[in-house]
Amino acid sequence: MITFSRSKLVGVERLDENTLLAHGVLEDFIYAMELDVSVKQPDFEIVDIKGRMKRVTTPVCDQAIPKLQNAVGLRIPEDEFARKIHRVVGKEGCTHFANLLVECCDAIMQTAIYENIQQAPNKHDFLKEKTRSIPSLKESCVFYSKMAETTMGG
Amino acid sequence: MIIDLHIHTHPLSPDSSQSPEEAVRYAKQIGLECICFTEHNRAWDENQILELSNQLEFPVLHGVEVDTVEGHVLVFGLHRDFEGIIRVEELHKLVREVNGVMIAAHPFKGFRAFGLSDLNLSIEQASEKPVFRHVELLEGFNGRSLERENRLVQDVAGLLGLKTVGGSDAHATQEIGRCVTIFDNEISKEAELLIELKEGRFRPGILADGAFVDR
Amino acid sequence: MILTYSRNKYAATTDMSDGSLFVQTRVDDTVFSATMDMIVKPPLLEIISINGEILRACSEECQDAATLLQKAVGLQIGTGFIKTVNSLIGESYGCPRMADLVLEGCDQVILRFTVDPLRQILTKSAEELMDAHKMFVAGNPRLIGSCIAFSKESPLMAGVEL
């Protein structure tokens, strides 16, 4: 028998040329909640958040909803972004909201990187160009670190 | 001599809310006789520590709390920064070279809603934690651990024949001194601290009703 | 509106007859798809085996990242664990996606041991509920200040010795 499970579902849509909206749902044995997060490009600044708690453990948990606004103005690529979210939305509000918000923001960054890759004539060149337009990508993993090295070398 | 061996200050430990000056002033106020700054993976500059100590007329020593794959370790006598993560046996080699001391910090500190000691962890099982093979001492009284977690460390220390120290692990001023180490002799510099730790001339203590008491 | 990107992440724990936990994590998104299975042994919560597979990734080089998971064998879930996993498996010289799968799985292990005491609290009557929460916090003081429900201002904390 499964003794604990958690599902997180995130969908990202493009609202306009500079705005991405993520809708995230978290459902586990204990908690259920939803978020809508809007982010502006090119800085990936959080401009709007709405949240809803559907299943929680204490009568106080709902008071975490207004604390989501603490994340408005933060930029996803900035240093220690996830840590900041866990402090201003998690510790001051709800740790599970913070978890879902980080998931939504990560999904937004993935969207920004890979959107339109299917139409690119050369996938490698497309991603190389992304390391220039999204500098934080350069040190995000071994693949992009190597790509950034070859970009600088070339 | 009463020393808090485990204190974090800002900015070297980013998760601490207290400045070094605030920590020293509070330590004096509550009757401590010396404190050790043990920042996360960052070493203090020897001259800065001396300057602070002279300026506030209070003995301040320093070590480093190192993140190892096997758990957090308080290191005394080795002054360097650590990047990323290190295996405890590698750290042991480095510490041995300088004749320093390693102490397993809060080895059974658990989670928000439960502790490892709640999972039917026997003393024998607990004593098998790999970090214990490479340290001289255990932090049996940690100011941020639960009483039952500290008790487990003390039981393991008994089984392994190791001595325990006390340290507050303070990240905020009011946490300083909750757990301390009471040394038999006066200590004014690091070399003396290392000797006293190696010779085991100390016992752990706690702050109870405004006074430091042996445990 | 048509979605530009979607992600579905699932993690679960199953109690095994020998007392260990079987932990599964799955992620399937527009770009990346991977699985991770591990066995965690209480009471020290040691990862005794781990396996994973990358089913889809942005480059062929990424497919090899599943081998990084072996670095987690022998680790014990506890203090400093997030940094350890990220340092060994993720960050700029590894694969943060695989590190995330491990951490997600470990989160479920922690929550699995949180659900039992919570279940006991949540079956209390409305009159008993506040006291049950207070007792839980008193027994687990690390909860204090961890979220708004356990902040000093929370009604759940009234009368709890700080």
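Two residues are taken to be in contact if their C-beta atoms, placed from the backbone, lie within 7 Å. With that in hand, chain A of this predicted model can be described by the reach of its contacts: among those between residues at least 6 apart in sequence, 40% join residues at least 24 apart. Buried residues account for 40% of the 154 residues in chain A, and the C-alpha atoms of the chain fill a box of roughly 60 × 40 × 25 Å along the principal axes.

The secondary structure of chain A consists of four helices and four strands. Read from the N terminus, its elements follow the order β-β-β-β-α-α-α-α.

Helix H1 (residues 81–91) of chain A packs against helix H2 (residues 95–114) of chain A at an angle of about 145°, and their axes are 8 Å apart. The crossing of H1(A) and H2(A) is right-handed. On the H1(A) side, A:Ala82, A:Ile85, A:His86, A:Val89 and A:Gly90 take part, and they meet A:Thr95, A:Phe97, A:Ala98, A:Leu101 and A:Val102 of H2(A). Sorted by class, this contact comprises seven nonpolar and three polar residues, with no charged residues.

Turning to the assembly, two pairs of chains touch, and the pair with the most contacts is that of chains A and C. Chains A and B, by contrast, do not touch, their nearest C-alpha atoms being 11 Å apart. Where chain B meets chain C, 19 residues come from chain B and 20 residues from chain C. The chain B side of that contact holds nine nonpolar, six polar and four charged residues.

Key:
Residues are numbered from 1 along each chain as its sequence is written. Chains are lettered from A and ligands numbered from 1 in the order in which they are written. This is a predicted model: local features need pLDDT of at least 70, side-chain atom pairs count only at pLDDT 80 or more; totals for chains, interfaces and linings use all residues. Ala, Val, Leu, Ile, Met, Phe, Trp, Tyr, Cys and Pro count as nonpolar, Asp, Glu, Lys and Arg as charged, and the others, Gly among them, as polar. Axes are lines fitted to C-alpha atoms, for helices over the stretch in contact, and angles run from 0 to 180 degrees between N-to-C directions. Helices (H or I, at least four residues) and strands (E, at least two) are DSSP runs, numbered from the N terminus. A crossing is left-handed if the near helix is turned anticlockwise from the far one by less than a right angle, and right-handed if clockwise. A residue is buried if 20 or more other C-beta atoms lie within 10 Å of its own, exposed if 12 or fewer, and partly exposed in between; C-beta atoms are placed from the backbone.
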